[in-house]
Amino acid sequence: MSAVAHPIVDHNVPAGEPPHIHHMDTQTAYGAAKLGMWLFLGTEILLFAVMFCSFAVMRYYHLGEFHDASKHLNIWAGGFNTIVLLISSFTAAVAVTKAQKGDNAGVVKNFGISLVCGLIFLCVKGYEYSEKAHHGMFPFVWNSDFYHYKNFLGLYFCMSGLHALHVIIGMALLYWYGIRPAMNNRFSGKYYTPVELGALYWHLVDLIWIYLFPLLYLVG
Amino acid sequence: MSHSNSHSHGHDEVGHVVPESTFLKVLIALLVLTVITVLAAQVDLGKWNIVGALLIASVKASLVIVIFMHGKYENKIIWTYILIPFILLAIMIGGIFTDDPFRSHPLPFGAQGQQAAAPAAPKAPAHH
Amino acid sequence: MAAHASAAVNEELNYLNWQKGIWSWLTSTDHKRICFLYLYAILFFFLVGGVAALLVRTELAFAGPTIITDPHTYNVLFTMHGVFMIFLFVVPGIPATLGNFLIPLMIGAKDVAFPRLNLFSWYVYMIGAAIGAIAMFNPIDTGWTFYAPYSTTTGTSVSLMVFAAFVLGFSSILTGLNFIVTIHQLRAPGMTWMRLPVFVWASYATAVIQTVATPVVGMTLLLIIAERWFGAGIFDPSKGGDPVLMEHLFWFYSHPAVYIMVLPAFGVVGEIIPVFSRKPLFGYKMVVVSSMAIAAVGFIVWAHHMFVAGISDFSAKFFSIVTFLVAIPTAIKVFNWVSTMYKGSISFKTPMLYAMAFVFLFMVAGTTGIYLAMLGVDVYYHDTYFVVAHFHYTIQGGAVIGLIAALHFWFPKMTGKMYNETVSKFAFAALFFGFNLTFIPQFILGMDGMPRRYYDYPAQYQTLHTISTIGAYLNGFGYTFALANLLWTALYGKVKAPRNPYNSHSLEWQTQSPPIHENFAEIPVVTDEPYNYGTPTGRGH
């Protein structure tokens, strides 16, 4: 007979009640969620990997143009954005610790800072893009002087654009799965999975930028 | 992460709680590394610029993964799936770079009239 | 393996009848019902892709225009055949259907790790299919491979179709992710990794490929869209780009994708042959190792699709050598299957016929693949009908036959009914004979130099083309008959299946047919090795 009697369909319930269906136990569910999120982050890394690879190939063929085109990017904006994301990553990590300690207000505060940082990041990005459009270095408004920057700039917009999209998604996750439940005191040492998973996604956003910034802005 | 299926509900496993101070130290390290990488880019080291930039970026990435993302406490399975994307990226670039630098007929360039700025590729043996 | 599950619930109640109505199906997170959601969808697209194939073959039956009057329409048709078959049929294929149904049952779990994500993946798949349908209003003619710069400059609905493929890929990723977590986290007590049925191992290897390879093609497809809309020029030579780069990125996924298609079929065959030989699977450990090895090595061989695309000699030689390597684990499997049958007590039921056909057809596929791996030979064979025949032997003779075998083998489990053996054998015969009649002439056509994707050809090739077309019709008839038989039996059949008609020892057969919604009344505890058929001690190799 079974060494461990674990009924999925548990008929041992008060009379008149339907049988109780057992789901995964908490620990298995937590492990599953974490593995699932890491796998998903892996797919996101692979998505960007294609563009890093294309960047490597195009740079190999057009080193001069890449160096020149890169100089047209605003290092101050890029550097500032790097610092903003690093800080937001810090507060996201702190938020997990807060959740583990049951400090829901701490979760709201720290994820809130991460969210605001994300917003700042997007504003700076928007400023950069509008500057580019102003100078004719943007799709649909290309200035023929800059045609030979198209390879670099095409990759720049694809990479930073897709990254910005992930910043937006991350912000939504932080709010919906972190801040909102925390405002209802949802989290404690026994249950903080959404905070941890949301933070993981946010760290990914930071990770990608850690590579994007030097390649696009500094080295070219 | 166990598959013991002990099925006792209400496990009080908090898991590893990393103190805020640790995160702060890592943040400072990351900011310092950022400054270093910007300064290093101002110096012209030729092809070593990109190597250095990627190395510093990788140190930063490792700090984020190991500390911020609690990688330090994760098991082999999760580490396998953390590493697989990077390994695949290496295979992707590696495989493609068995091709491009060794072509005996470099890319033709069209209307933009650009020339390959490629460093001297090894001459392919005479085939037709 | 001895499992101690007991069906404490009402035998009549099962996952099919405990909730009724279309809405209960469309909102069900039950992996067994999701299997059917996927199954009907993929079989529909199999039909559409098959019709496209028959139109192509009808056109090619005779030299000169036959039923299609312009080459563009012909190009659209073979593109649609490829797109429907690959993205909408074979890639979801066994994993989304039988994988969904069987994995939780085989590991002794109630469902997959993320049931709602599972249902969501089906909706994503359907959305992808819908986007593809919209793209059909200005259908593309690029071939399913979407090569640049034609795909990035031509006027048809490339962006829409390519985006559809991206969405379908996302569905594939979600399925793979779900299966990886399920197999890691939800195995029943005593179900160690080395006691898993080989179908689960094959599904695990497939799920890994699905999860990590698909994002690569997803991004490549998005870059094609970016190229069309924004003109970045990375694939366009006139702008300093490299079209071969697109091919590298495309095949980086698309080669592992063929292992997504065929690995689960390997798993199916590995389940069927021991049961119908009443012998343990020969070399279980090597079958497991070879499944993972195929997945791994499959990632480093992609450029064998590009030998004549303009890659360097050095690159071509490297990829040729590595491609020979990937044949080794596959050969190991074939050896193991045949050795399982050796001195076994063979029962020639329909699933076994399909499994044996698989072994034969995949041998042809594999050996002709070796020819193509040889650089000098491939320079001649590339883009000829030899390649077309090779990949139809792998995909159809491999993956699709595997799917049909699986549908027959697990039919009693899934529906609780038994199909008519005579009818199914007859359909098998038509299918098998028709398939070979279609594609053996194509090997010869390829050797004679007939190029692929050509709308017309010189008269000297006609005889073989005509024979091939006759075979195609017979092949199509075989599939239709086989699937119609199963569908009819599922809906109207009266013969009730016993719980375990083939006396299989794996976990999914130890619960009732069809299973209850929760699969098992109690989580089983596994105490024995799999495949211990006909052994005195009950322990397998």
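**Close-up views of a predicted model**

**Figure 1. Around the largest cavity, helix α7(C) supplies the largest share of the lining, 6 residues.** α7 (158-185) is joined here by α4 (93-107) and α8 (198-230) of chain C, and each of the three gives at least two residues to the lining. The cavity has a volume of about 150 Å³. It is lined by 18 residues, and those closest to its centre are F87(C), V91(C), P92(C), L168(C) and S172(C). How many cavities of 30 Å³ or more does a search of the whole structure find? The search finds 9.

**Figure 2. The largest nonpolar core has 268 residues.** L98(C), F146(C) and W410(C) are the residues with the most contacts inside this core. Helix α9 of chain C, residues 243-277, provides the largest share of the core, with 22 residues. Apart from this core there is a second, separate one of 14 residues, and A52(C), I68(C), F78(C) and Y461(C) are among them. As general background, nonpolar side chains tend to be buried together in soluble globular proteins.

**Figure 3. A closer look at L98(C) shows its contacts beyond its neighbours within four places in sequence.** Which residues does L98(C) touch here? Its partners are C35(C), I103(C), F199(C), L403(C), A406(C), L407(C), W410(C) and M414(C).

**Figure 4. Helix α1 of chain A runs from residue 26 to residue 61.** Its 36 residues should span 52 Å at 1.5 Å a residue, and the C-alpha atoms at its ends are 53 Å apart, so the two values agree. Is α1(A) largely enclosed or largely open? Because 30 of its 36 residues are buried, α1(A) is largely enclosed by the rest of the structure. At the start of the helix, D25(A) places a side-chain oxygen within 3.1 Å of the backbone nitrogen of Q27(A).

**Figure 5. H203(A), in helix α6 (residues 193-219) of chain A, meets residues of chain A and chain B.** Its relative accessibility is 1%, so H203(A) counts as buried. Leaving aside neighbours within four places in sequence, H203(A) is in contact with S89(A), A92(A) and A93(A), and also with V64(B), F68(B) and M69(B).

**Figure 6. Chain B has 3 helices and 0 strands.** Starting from the N terminus, its elements follow the order α-α-α. The chain has 128 residues, of which 34% count as buried. Among its contacts between residues at least 6 apart in sequence, 53% join residues at least 24 apart.

**Figure 7. F360(C) has its place in helix α12 of chain C.** The helix covers residues 350-373 and reaches 34 Å from its first C-alpha to its last, close to the 34 Å expected at 1.5 Å a residue. α12(C) is mostly covered, with 17 of its 24 residues buried. Is F360(C) buried or partly exposed? F360(C) is partly exposed, because its relative accessible area of 44% lies between the 20% and 50% limits. Setting aside neighbours within four places in sequence, its contacts are F432(C) and N436(C). F360(C) and G398(C) are 38 residues apart in sequence, while their C-alpha atoms are 9.5 Å apart in space.

Note on methods: Residues are numbered from 1 along each chain as its sequence is written. Chains are lettered from A and ligands numbered from 1 in the order in which they are written. This is a predicted model: local features need pLDDT of at least 70, side-chain atom pairs count only at pLDDT 80 or more; totals for chains, interfaces and linings use all residues. Side-chain values use heavy atoms; hydrogens and water are left out. A nonpolar core is a set of buried Ala, Val, Leu, Ile, Met, Phe, Trp, Tyr and Cys residues joined through side-chain atoms within 4.5 Å. Buried means under 20% relative accessible area, exposed over 50%, partly exposed in between (1.4 Å probe, protein chains only). Helices (H or I, at least four residues) and strands (E, at least two) are DSSP runs, numbered from the N terminus. Contact means heavy atoms within 4.5 Å. The expected span of a helix is 1.5 Å times one less than its number of residues. A polar contact is a pair of N or O atoms within 3.5 Å; within protein, one must be able to donate a hydrogen and the other to accept it, and residues adjacent in sequence count only if both atoms are side-chain atoms. On a 1 Å grid over the protein atoms alone, a cavity is a set of points where a 1.4 Å probe fits but cannot get out, and a pocket is an open set with protein on both sides within 12 Å along at least five of seven lines; lining residues have an atom within 4 Å of a point. Grid points are joined across faces, edges and corners, and a volume is the space filled by probe spheres set on the points.
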